[in-house]
Amino acid sequence: MITNTELEHRGNLFPGKVISFSQNVDKINFTTENGVILQITILRGSVVRFRFATDDNFEKDFSYAISEDGARGYSKLEVTEKVNQYDIITSRIKIVINKNDLKATILDLEGNVICKDDWGFHWEQSYEFGGNIVKMSKSAPQGECYYGLGDKPMHLNLKGKRVENWATDQYAFSKDQDPIYKSVPFYVGLHEERAYGIFFDNTFKTFFDFCHERRNVTSFWAHGGEMNYYFFYGPNMQEVITRYTDLTGKPELPPLWALGYHQCKWSYYPEKKVKEVTSKFRKLKIPCDGIYLDIDYMDGFRCFTWNKEYFPDPKRMVAELAEDGFKTVVIIDPGIKIDKDYWVYNEAMENDYFCKRADGPYMRGKVWPGECFFPDFTNPKVREWWSGLFKELIDEIGVKGVWNDMNEPAVMEVPGKTFPDDVRHDYDGHPCSHRKAHNIYGTQMAKATYEGVKKFAYPKRPFIITRSAYSGAQRFTSSWTGDNVATWEHLWIANIQVQRMCMSGMSFTGTDIGGFAEHPTGELYARWIQLGVFHPFCRTHSSGDHGNQEPWTFGEEIVDVTRKFVELRYQLLPYLYTMFYEYAEEGIPMLKPLVLYDQLDTQTHYRTDEFIFGNQILVCPVQEPNAKGRRMYIPRGNWYNYWTREYIKGGLEHWVDADLDCIPMFIKEGSIIPKYPVQQYVGEKKIEQLNLEVYYKLGNKEVSKVFEDAQDGYDYMKGRFSLRTFSFTGKENEIIIQQHKNGTFITTYETFKIEFIALPFTIGEIEIDNEVVPLTKVNFDAKNNTIVVPKGFSELHITAV
Ligand code: MIG
């Protein structure tokens, strides 16, 4: 046994006895004999903040991550002093604070321990930088599992790992490499069917240890700042994540086109090449909405300029591309070229907007344009200026989206690949060094970009994509997982990263389909696009160093596979948009790893490959060459193989056939899956009919939703949306579909075409809202088992002959 005294000798300090206690509405303060204050804030019955000070002194309270729009308020709060402890009871949990050592134990109201301090809060003073290295350790009961933490390219379940958060430009990162681009200090713990979450809101370099150092301990610590964390109780894992997402913020809806397919490369230029690529998509009839211009569109890599030799008339080009259904997205990096003839540089110099070193010189670093200075995006004035720079690109030229790269921030040819620690930042009026601002820099750049694009795109919606991000970035931007590699292992990583991001509040994420570095075989590209169409963000990108990566460069067979799956994505747009709506409205992760789907089934706790797309579609990519299918776990419940319509019972591993033109994909029984016709781009066709695929289920009701609106703009915020809720009830000889509609948006179509799948009887009679309707009147097609009905029904009742 290690005693506290021994640990003190190693430099760790611990809180002493509690000497005073006070409560001010939702805040409860405990002070110890050695100057530690623990402030507990009750945000909601199941969301509690723990904040520790040493030397009797809190820092000024400030966070970039916490959203102003999050839900607050609780129905119950009781604090009682006992002989050795204080009990804090909310409507959902009980927190016990030990008077002797300030350790906390959190229990559910049945008395089950959910999360318990091991050493609890402890710290080490930092002689070099001042302040403390703040630490927290918790007991890890046997069998506990851990998930979350953003983009870590490792097994979904983090048990046994130690990870670090320090945004890093990690070209061609490998499996288990850590850290990479993002910092999301949030994890979910799952033990004995109950889940909880911890968000350590500290932008310094942070570490999390999940039973790596000690078998039965988890811990997290930071190289500065405060021990400041939020605890979320479930017990349902999805509720832990939705509460975290509510606290750190939810996104607005993206324009629907942003959920289409995007094509990118480093770089498409000149204009002729861009047009060649876009025309080829139309010619081959592979749907595509987004086309990207990487750094070579600029004049000498100067942000907000154009290379006029490659792009003599960007406004005309962007308009012509738009004519053909393509939205142009351009890259913008943080480094501003040191150049006295460059207006962006001059404006920033005149206004003192660039980051400086501790003793006053500018932060100088080499990136694509050569020697650069870097705007301090943690200064609100700088963000305001930056957002104004988008006027020409968005308002005049008509660019529809902006891609923020290199914002870790990345610097070339220097140790650490980023700014030195001493660089100063404003941190919104809380001046600090880069040690504190590093992890948030990229998010603040994306925020400034978002504000600019939104201002000039209004009343249309902005589209932003970022490489680096901290918790809360989801309010402003989508993201991609950076410079991956065209290998089978990276396909495995890609699948995990997007699931992990979804569990970390950042669902709107995708990977460079096919791999950024190196060149995929046609087979790998096909397997990757099959996965990519199920990612919330779907873009092919490559470095262009090793050959081209447009679908047609792999030959006809791969073009056909690509078309088939991109078409499927476009058909599923109403389903995908509804997923996004549930994410934006409620914080529900768009993809659900199996453990999130069914945490009560221990089989799911270590699964990585299978996931649920939305709520009702099970997908599992093929991740090996020459495969004709794969083994996979089908979660509990009953499913239909999407391709063969075979009925399959879950809770077991199965072999599933999947030739190169197929990905294992299953629909949950009872689901009603909405589909649009294939379009070459969003808005190409007026939607004349909504297709509904109804997958029969015997027994309990299954609910499905369809969200639609104007596909862009902000009218949906004023209630101009259409949210249909369908419930399916199936019996042996009859089925009932009920529809309930919310919102005032009038959809363009008048009818649904309903296809009944696996109906166990022959349709004899149809009643719409209690009136019998002749089968001919609903265009009953017995062969395909389809009918066409007016969209406004409340109840559809179908009985057997
Ligand atoms: O140092 O802009 O991750 O997507 O194509 C490389 C060129 C800079 C890194 C990005 C990648 C992009 C590339 N960029």
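1. A charge is taken to sit over a ring if NZ of Lys or CZ of Arg is within 6 Å of the ring centre and within 35 degrees of the ring normal. By that rule K436 lies over the face of Y427, at 4.7 Å from the ring centre. The charged end of R539 is likewise placed over the ring of W403, 4.7 Å from its centre.

2. Basis of the note. This is a predicted model, in which local features need pLDDT of at least 70 and side-chain atom pairs count only at pLDDT 80 or more, while totals for chains, interfaces and linings use all residues. Residues are numbered from 1 along each chain as its sequence is written, and side-chain values use heavy atoms, with hydrogens and water left out.

3. Overall form. Along the principal axes, the C-alpha atoms fill a box of roughly 85 × 70 × 50 Å. The chain contains 13 helices and 51 strands, where helices (H or I, at least four residues) and strands (E, at least two) are DSSP runs numbered from the N terminus.

4. Of the 801 residues, 64% count as buried; buried means under 20% relative accessible area, exposed over 50%, and partly exposed in between (1.4 Å probe, protein chains only). Among contacts (heavy atoms within 4.5 Å) between residues at least 6 apart in sequence, 68% join residues at least 24 apart.

5. Annotated spans. The UniProt record, an unreviewed entry, lists "domain: Glycoside hydrolase family 31 TIM barrel" at residues 251–579. This span is 37% helix and 13% strand, and its end C-alpha atoms lie 13 Å apart. For "domain: Glycosyl hydrolase family 31 C-terminal", the unreviewed UniProt entry gives residues 587–673; here the composition is 5% helix and 39% strand, with 21 Å between the end C-alpha atoms. The feature "domain: DUF5110" is placed by UniProt (unreviewed entry) at residues 689–757, a span with 0% helix and 61% strand whose end C-alpha atoms are 19 Å apart. UniProt positions are given in the numbering used here, feature names are shortened, and annotations may be inferred rather than shown by experiment.

6. Aromatic pairs. Rings of Phe, Tyr and Trp (its six-membered ring) pair if their centres lie within 6.5 Å; planes under 30 degrees apart count as stacked, over 60 as edge-to-face and the rest as tilted. By this rule the count comes to 77 aromatic pairs. F200 and F220 form a tilted pair, 5.1 Å centre to centre with 50 degrees between the planes. Since F200 lies in strand β15 (residues 194–200) and F220 in strand β17 (residues 217–222), this pair ties together parts that are 20 residues apart in sequence. Both F200 and F220 are buried.

7. The pair Y292 and W403. The ring centres of Y292 and W403 are 5.6 Å apart and their planes are at 75 degrees, so the pair is edge-to-face. Y292 belongs to strand β20 (residues 290–293) and W403 to strand β25 (residues 401–404), so the pair ties together parts that are 111 residues apart in sequence. Y292 counts as buried at 0% relative accessibility, and W403 is buried with a relative accessible area of 1%. W403 is also the ring over which the charged end of R539 sits.

8. In helix α6 (residues 380–388), the buried residues are V382, R383, W385, W386 and S387. Their cover includes β21 (327–332), β22 (336–337), α5 (343–351) and α8 (434–457). N379 caps the N-terminal end of α6, with a side-chain oxygen 2.9 Å from the backbone nitrogen of K381. W385 and W386 also belong to a cluster linked by ring pairs, together with F304, Y353, F374, F377, F390, F419 and Y441.

9. V344. This residue lies in helix α5 and counts as buried, at 0% relative accessibility. Leaving aside neighbours within four places in sequence, V344 is in contact with C303, F304, I336, W385 and L389. V344 and L389 are 45 residues apart in sequence and 8.2 Å apart in space, C-alpha to C-alpha.

10. D246. This residue is in helix α2 (residues 237–248) and is buried, with a relative accessible area of 11%. The D246 side chain reaches the backbone nitrogen of A71 at 2.7 Å and makes a polar contact with the side chain of K250 (3.1 Å). A polar contact is a pair of N or O atoms within 3.5 Å; within protein, one must be able to donate a hydrogen and the other to accept it, and residues adjacent in sequence count only if both atoms are side-chain atoms. Not counting residues up to four places away in sequence, D246 touches R44, S67, G70 and A71.
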